[in-house]
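Work through the exercises below with the model open. Each task is followed by its solution.

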Amino acid sequence: MDRFDVVIVGAGIAGASLAARLAGRCSVLLLETEDQPGYHTSGRSAAFWQASYGGAAILPLTLASRAPLAAGWPLAEEETGWLRRRGALHLVGAGDETAELVAVLRLADPDWHEVDRARLEAVAPGIAPRFERALAEPSTTDIDTGGLLAACLATVRRRAGRIETRAQLRSARRDGEGWRVETASGSLAAGTIVNAAGAWGDAVARCCGVAPVGLSPRRRTVVQLRLARTALRDLPLLIHEGAEGFYVKGEADNRVWVSPLDETADEPCDAAAHEEDVAIAIDRFERALGWPIEAVERKWAGLRTFSGPGWPAPMVGPDPAHPGFAWAVGLGGWGFQTAPALSAIAAAALLREPLPPLPANGRPADYLFRRS
Ligand SMILES: Cc1cc2nc3c(=O)[nH]c(=O)nc-3n(C[C@H](O)[C@H](O)[C@H](O)COP(=O)(O)OP(=O)(O)OC[C@H]3O[C@@H](n4cnc5c(N)ncnc54)[C@H](O)[C@@H]3O)c2cc1C
């Protein structure tokens, strides 16, 4: 029977980025239920890096991840990196409360600034009059999420780690100092199990006889529209939070992605877009911009999974109540933009090394696993 120091359950960005950090330091196996890594939430992201996104609790992880993402982490030889400049405009209507956003922008982007209605019109002609102004966040970029995930997996293999797909973890029980693990592709022994199963995090814990933590998977929808309009590729991300929220991201010369910022509680599943959420996305887009739609080309949804109501941030590292069991869960809507920093904290916690420092007064210990 094969034995691994660390078995990571789930080959989304949480599991893959941690495996890339650990491979070469100890023997690592990355297990994935599906045919391919990244099939669930990590394959459904809107793929942007935005420092203010997630507020003050996420900011230190996002800022710390910027340079590694720009440098193509974890590939040392990458020249261009995973980021591509886009910029963002937070749309502000009459009566919208912006104090909290401004406070985060001050920490997030030294170049943030106010944009008046005339300049907003120049960027987004025809935008509804109710948007009186915007707050610009120029540092917002796109992330090549496919490239980043593939690079993590390639790094695992290059450093003699193993990746097995169609290998669902079915159960695990303590066996001496470690675990005896049963998977869809056979039995193995593990020193430590890391639960990086996204929406299935609580289910995986139960399979291992570990108490669940009350993870909260929430469905988010994205629609791809083809428009009778061009030059949209480099459109700044247009985002309106609060009532009737949405974002619009230019995806190609005449295509945009639109999300209604839905956060509907859901069960762990192969999430699909619901027709009512697609209709809401289209309605909000038409009322905000009114740009003629030629076709609804694609629609999809993914589960953004949160640690729970009391803690709006990811949790990584050993579970003090269960020897040999660790977590990398609750990546919410920020799993890619925080991956380098979060995986570094998780790896240090597992290897019992000092936690790496964080910018913006971030405390790495705040992201260690906890039960509320
Ligand atoms: C619409 C949308 C837009 C988003 N936009 C952004 C964005 O712009 N920027 C950003 O940074 N983030 C964004 N996110 C969030 C980001 O995609 C997530 O934070 C991230 O993908 C979560 O990764 P994960 O590895 O935790 O989960 P997943 O990718 O879901 O991976 C978990 C894996 O565990 C596997 N698994 C489950 N149970 C088992 C088992 N028993 N055995 C083996 N394997 C198992 C699953 O099959 C799955 O592949 C977005 C998410 C959505 C849905």
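**Exercise 1.** Find the area buried between domain 1 and domain 2, and the share that carbon and sulfur atoms give.

*Solution.* Start with the bounds, which come from an automatic or database domain assignment. Domain 1 is 3–47 + 145–215 + 309–367, and domain 2 is 84–141 + 218–304. Buried area is the accessible area (1.4 Å probe) that two parts lose on being put together, summed over both. Here that area is about 1000 Å², with 54% from carbon and sulfur atoms.

The model is predicted: local features need pLDDT of at least 70, side-chain atom pairs need 80 or more, and totals for chains, interfaces and linings use all residues. Numbering runs from 1 along each chain as its sequence is written, and side-chain values use heavy atoms, without hydrogens and water.

**Exercise 2.** Which residue forms a salt bridge with Asp270?

*Solution.* Apply the rule: a side-chain nitrogen of Lys or Arg within 4 Å of a carboxyl oxygen of Asp or Glu. Across the interface of domain 1 and domain 2 it finds 1 salt bridge. Arg44 pairs with Asp270, and their closest N and O atoms are 2.7 Å apart.

**Exercise 3.** Which residues does Leu22 contact, leaving aside neighbours within four places in sequence?

*Solution.* Take contact as heavy atoms within 4.5 Å. Leu22 then meets Val6, Ile8, Val28, Ala347, Leu350 and Leu351.

**Exercise 4.** How far apart do the C-alpha centres of domain 1 and domain 2 lie?

*Solution.* Compare the two centres: the separation is 31 Å. Now turn to the contact, which takes 11 residues from domain 1 and 13 residues from domain 2.
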